[in-house]
Amino acid sequence: MTTKRCTQCILPSTFPGISFNDEGVCIHCQRYRGRDAAEKQMAKYEQKFVQLLQEKKKSSTYDVLVAYSGGKDSTYTLDVLVNRYEMRVLALTFDNTFISPRAEENIRNVCGALGADLFIVRPNPAILRKIFSTAASRELYSAKTLERASTICTSCIGIIKNIILRTAIEKEIPFVGFGWSPGQAPVQSSVMKTNARLMQSTQQAIYKPLHEIAGDAINPYFVTSEQFDHPEKFPWNVHPLAFLPYDEEKIVERIKQYGWEKPDDTDPNSSNCLLNAYANQIHRKRYNFHPYVWEIANMVREGVMTREEGLEKIEPPEVEHMVKYSKDILDNYS
Amino acid sequence: MNDTLATIRKFIFDNFLFDAAEEDLGNDDSFLDQGIIDSTGVLELVEWLEDTFDIAVDDDELIPENLDSVNQLAAFINKKANPEP
């Protein structure tokens with residue numbers, strides 16, 4: 001049976017909380033204010049970032065700590081922070097033990113070409129794989145979280161966000177940078193001071209389930225209570241792709257000059273992670289919608305890609321040998 | 001104020017609680033303690049506040065006291081709409 005989808009974006013009728021009008025347009029498209037309003041917001045937030053930079057730059061060894069996966073979006077983020085905003089960048093790569101070999105080469109090439117220092121965090125694989133294996137077998141997070149990513153991805157990204165924050169605090173770096181695509185996070189959050197008390201509360205949503213699985217072994221990746229007592233040391237968040245023009249083809253063309261090449265062993269929605277296809281397949285079976293559909297629908301709505309291009313990313317089944325690769329590894333930890 | 005409360009409750013149910021029953025959320029219940037809203041959910045909440053009530057939420061206003069329940073949100077919106085002279 002064909003799934004009913006919004007006639008403007010690609011959100012399906014199986015998406016949590018969705019409703020449609022008589023024309024088949026979803027509630028999210030009905031609320032959308034249009035491209036002109038979005039572009040005004042983008043200009044406003046870039047201006048906010050540029051003003052902040054003037055105040056905060058040169059206050060420490062590095063201006064910004066970037067969460068660097070080696071994928072195209074975080075590569076482009078690294079590029080704009082180095083070249084457009086002339087920031088001194090420390091890239092941090094979290095090795096989740098499923099990074100594509102081609103992505104590892106991209107990380108080395110790009111950091112070398114851009115002159116960025118690279119800090120690799122490689123946790124004990126057994127701990128991470130136990131977490132991913134558990135996430136593959138049962139749900140760990142709230143219904144809301146499931147709109148935006150699979151349970152496996154949410155676990156991984158949750159650790160990354162926290163290790164990035166903790167490292168920035170320890171190294172007294174004034175900004176943390178993320179390569180969220182325009183569909184992943186709203187422009188209103190693209191330049192935002194990390195509020196320590198709010199972060200302390202929200203951190204529990206990820207820390208508690210992961211601690212139940214892995215115990216104190218995960219503590220080194222989370223902000224400590226002593227650090228939460230010093231909110232003045234918390235960095236500003238920036239995700240510049242929300243306020244800059246975003247065109248996938250142009251981004252790929254640009255980052256190729258740094259030695260970046262698209263891996264051929266990852267699924268259509270990732271350019272670095274071998275685990276993604278398996279994570280997607282589990283989510284699609286469990287909830288009957290693709291875990292990337294929210295992000296892709298936002299980008300279709302924003303005019304970043306066509307509806308057909310969006311459907312191409314979320315409708316084909318996951319590639320079986322990619323799914324099997326990760327499943328076989330994680331089955332050893334279940 | 002009652003209209004504001006109803007608008008907030010509708011947004012929370014439509015976007016965070018989905019099929020939950022009305023009685024599952026009291027107006028003083030903590031979104032954070034109950035795991036209703038996570039860090040990205042907070043950003044979505046701020047986007048909605050700014051768009052719906054035509055207010056600008058400053059970074060130093062992103063604190064649990066302003067955002068953590070239906071009643072706290074209503075009070076925050078009221079304060080932003082009617083700033084003290």
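What follows is a working chat about a predicted model, covering its domains, its sheet, its cores and the contacts between its chains.

Biologist: How is chain A divided?

Modeller: In this predicted model, chain A is split into domain 1, residues 1-32, and domain 2, residues 35-331. Taken over C-alpha atoms, the centres of these two domains of chain A are 27 Å apart.

Biologist: How many residues of domain 1 of chain A are in contact with domain 2 of chain A?

Modeller: Nine residues of domain 1 of chain A are in contact with 13 residues of domain 2 of chain A, and on the domain 1 side the residues that touch domain 2 are eight nonpolar, one polar and no charged.

Biologist: Moving to the sheet, what is the order of its strands?

Modeller: In chain A the six strands run in the order β3-β2-β1-β4-β6-β5, forming an open sheet with mixed pairing. The edges are taken by β3 (117-121) and β5 (191-193) of chain A, each of which has a single partner strand, so one side of each has no neighbour in the sheet. Neighbouring strands of this sheet are turned against each other by 25° on average, with direction ignored.

Biologist: And which strands does β2(A) pair with?

Modeller: Strand β2 of chain A, residues 89-94, pairs with β3(A) in the parallel sense over five bridges, and β1(A) and β2(A) also pair in the parallel sense, over four bridges. Leu90(A) has Asp117(A) as its bridge partner in β3(A), while Leu65(A) stands opposite Leu90(A) in β2(A).

Biologist: Is β2(A) buried or exposed?

Modeller: Six of the six residues of β2(A) are buried, so the strand is largely enclosed by the rest of the structure. Val89(A), Ala91(A) and Thr93(A) point one way from β2(A), whereas Leu90(A), Leu92(A) and Phe94(A) point the other way, and all are buried.

Biologist: Which residues have the most contacts inside the largest nonpolar core?

Modeller: The largest nonpolar core has 78 residues, and those with the most contacts inside it are Val64(A), Leu65(A), Val66(A), Leu78(A), Val89(A), Ala91(A) and Leu92(A). Helix α7 of chain A, residues 151-171, supplies the largest share of this core, with nine residues. There is also a second, separate core of 19 residues, which includes Phe16(B), Leu62(B), Leu73(B) and Ala74(B).

Biologist: Which residues is Leu65(A) in contact with?

Modeller: Leaving aside its neighbours within four places in sequence, Leu65(A) is in contact with several residues, among them Leu90(A), Leu92(A), Ile164(A), Ala168(A) and Val176(A).

Biologist: Now the two chains: how many residues of chain A are in contact with chain B?

Modeller: 19 residues of chain A are in contact with 21 residues of chain B. On the chain A side, the elements that give two or more residues are α6 (143-146), β5 and α8 (196-214), and α8(A) gives the most, with five residues. By class, this side of chain A has seven nonpolar, eight polar and four charged residues.

Note on methods
Residues are numbered from 1 along each chain as its sequence is written. Chains are lettered from A and ligands numbered from 1 in the order in which they are written. This is a predicted model: local features need pLDDT of at least 70, side-chain atom pairs count only at pLDDT 80 or more; totals for chains, interfaces and linings use all residues. Domain bounds come from an automatic or database domain assignment. Two residues are in contact if their C-beta atoms, placed from the backbone, lie within 7 Å. Ala, Val, Leu, Ile, Met, Phe, Trp, Tyr, Cys and Pro count as nonpolar, Asp, Glu, Lys and Arg as charged, and the others, Gly among them, as polar. Two strands pair if DSSP finds at least two bridges between them. Axes are lines fitted to C-alpha atoms, for helices over the stretch in contact, and angles run from 0 to 180 degrees between N-to-C directions. A nonpolar core is a set of buried Ala, Val, Leu, Ile, Met, Phe, Trp, Tyr and Cys residues joined through C-beta atoms within 7 Å. A residue is buried if 20 or more other C-beta atoms lie within 10 Å of its own, exposed if 12 or fewer, and partly exposed in between; C-beta atoms are placed from the backbone.
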